[in-house]
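Here's a quick briefing to read with the model open beside you. Have a look at the strands, then the side-chain contacts, then the rings.

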Amino acid sequence: VQLQASGGGLVQAGGSLRLSCAASGRTFSTYAMGWFRQAPGKEREFVALISRSGGTTYYADSVKGRFTISRDGAKNTVYLQMNSLNPEDTAVYYCAADGSPSYFYSDYIRARNYDYWGQGTLVTVSS
């Protein structure tokens, strides 16, 4: 599956952005979809995950209550709605697909467990 992320940009602190990740192919529903981010000089970190059905979501503590992940099967697209952004959210955001998802915390936060990755979209939050 190929993933194409979009929607990044420059926003002021307190603002909102919605990221999109379009997936190719007809097997979108067989993948759990996640978002990760990587700030300059830091490791890639887990942000959010949505199950295959879309019925269950998981979030990093740092974004819980501010970010919402969702998916649209008809459009083969996963979204990340980001509200109340702050400068610490500045990073390149990547979407990822996991064909054999585990919903144990220690598994889904690990980037190496994901099979496919989008190219990343830059989010910059100014103070």
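Buried here is under 20% relative accessible area, exposed is over 50%, and partly exposed is in between, with a 1.4 Å probe and protein chains only. Helices (H or I, at least four residues) and strands (E, at least two) are DSSP runs numbered from the N terminus.

This is a predicted model, where local features need pLDDT of at least 70 and side-chain atom pairs count only at pLDDT 80 or more, while totals for chains, interfaces and linings use all residues. Residues are numbered from 1 along each chain as its sequence is written, and side-chain values use heavy atoms, with hydrogens and water left out.

**Strand pairing**

- Strand 1 pairs with strand 3 in the antiparallel sense over four bridges; two strands count as paired if DSSP finds at least two bridges between them.
- L3 has A23 in strand 3 as its bridge partner.
- Strand 3 (residues 17-23) is mostly covered, with five of its seven residues buried.
- Strand 3 also pairs with strand 8 (residues 77-82), again antiparallel, over six bridges.
- On that side, S20 has Y79 in strand 8 as its bridge partner.

**Around R37**

- Is R37 buried or exposed? R37 has a relative accessible area of 5%, so it counts as buried.
- R37 sits in strand 4 (residues 32-38).
- Its side chain makes a polar contact of 2.6 Å with the side chain of E45, and another of 3.5 Å with that of S62.
- A polar contact is a pair of N or O atoms within 3.5 Å; within protein, one must be able to donate a hydrogen and the other to accept it, and residues adjacent in sequence count only if both atoms are side-chain atoms.
- Leaving out residues up to four places away in sequence, R37 touches a list of residues including V47, V63, F67, E88, D89 and Y93, where contact means heavy atoms within 4.5 Å.

**Aromatic pairs**

- The structure holds 10 aromatic pairs.
- The rings of F46 and Y108 have centres 5.1 Å apart and planes at 55°, so this pair is tilted.
- F46 lies in strand 5 (residues 45-50) and Y108 in helix 1 (residues 105-108), so the pair ties together parts 62 residues apart in sequence.
- Y105 and Y108 form an edge-to-face pair, at 5.8 Å centre to centre and 85° between the planes.
- For the cut-offs, rings of Phe, Tyr and Trp (its six-membered ring) pair if their centres lie within 6.5 Å; planes under 30 degrees apart are stacked, over 60 edge-to-face, and the rest tilted.
- Y105 and Y108 are both in helix 1, three residues apart, or about one turn of the helix.
- Y105 is exposed at 55% relative accessible area, whereas Y108 is buried at 8%.
- Ring pairs link a cluster that includes F36, F46, Y58, Y94 and W117.

**Charges over rings**

- R44 has its charged end over the ring of Y94, 3.7 Å from the centre.
- R71 has its charged end over the ring of F28, 4.4 Å from the centre.
- A charge sits over a ring if NZ of Lys or CZ of Arg is within 6 Å of the ring centre and within 35 degrees of the ring normal.
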